[in-house]
Amino acid sequence: ITVVLGPNGAGKTLLLRMLAGLQVPHAGRIAWNGAATPPAGIAMVFQHPILMRTSVFANGALGLIPLGLSRAQTRRRTERVLARVGLADRAADSARLLSGGERQRLALARAWAMEPTLLLLDEPTAALDPTATEAVEQIVREMRTEGVRIIMTTHNLGQALRISDDIIFVAGGYIRERAPAARFFSRPESAEARLFIQKELPWRIPFDT
């Protein structure tokens with residue numbers, strides 16, 4: 001799990017949207033293993049997921065439509081992921097009846113059903129309470145154990161400490177630093193990263209020298 005950190009306006013969401021192929025850069029280029037277009041197998045979950053005015057099951061199956069699966073395959077995949085995120089008993093309910101945490105779990109299930117190789121998460125817990133945040137983090141960890149590569153943005157440094165394997169720190173539209181999470185939080189190399197950590201954490205921490 002790679003967590004992208006940086007102040008507001010640094011370009012975190014823009015980076016994810018370009019990686020997903022949803023936005024074209026005005027300058028420069030993006031290359032995916034040398035290719036000019038993103039490969040298949042990329043899924044993205046937004047901070048405020050868009051859900052259709054249909055059932056929880058139909059929303060969970062929505063991402064499978066382009067894959068051309070049979071109805072039986074679609075049902076099996078959708079039922080499996082809804083069970084994994086704790087929404088199997090809500091499958092027939094309207095998605096509009098879900099809480100914020102349940103909506104985000106449904107969005108993750110929809111992406112998981114696609115069996116992505118790369119999952120992009122844009123502040124998936126920004127509007128959630130601690131219990132709902134913990135549930136989302138657990139789902140993200142389970143997806144990682146199944147081999148899904150995850151790139152995630154967050155403003156929550158505590159969450160970044162808990163969940164990340166490595167950190168990309170962006171400021172002013174540039175990547176200022178990339179490092180394993182433990183090293184980044186104990187010995188940030190850039191002045192921008194040091195200042196960002198000290199401002200964002202509710203406590204002061206001494207950095208290793």
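User: How should I read strand pairing here, and in what order do the strands of the open sheet stand?

Analyst: Two strands pair if DSSP finds at least two bridges between them; strands are DSSP runs of E of at least two residues, helices runs of H or I of at least four, both numbered from the N terminus. This is a predicted model, in which local features need pLDDT of at least 70, side-chain atom pairs count only at pLDDT 80 or more, and totals for chains, interfaces and linings use all residues. Residues are numbered from 1 along each chain as its sequence is written, and side-chain values use heavy atoms, without hydrogens and water. Strands of a sheet pair through backbone hydrogen bonds, either parallel or antiparallel. Here 6 strands form an open sheet in the order S2-S3-S4-S1-S5-S6, with mixed pairing. S2 and strand S6 (174-180) each have a single partner strand, so one side of each lacks a neighbour in the sheet.

User: Which residue of S4 stands opposite Leu119?

Analyst: Leu119 faces Ile150 in S4. S3 and strand S4 (residues 149-153) run parallel, joined by 5 bridges.

User: How many of the 14 residues of H4 are buried?

Analyst: Buried means under 20% relative accessible area, exposed over 50%, partly exposed in between (1.4 Å probe, protein chains only). In H4, 12 of the 14 residues are buried, so the helix is largely enclosed by the rest of the structure; among them are Gly101, Arg105 and Trp112. Contact means heavy atoms within 4.5 Å, and the buried residues of H4 pack against elements including helix H3 (71-84) and helix H5 (130-145).
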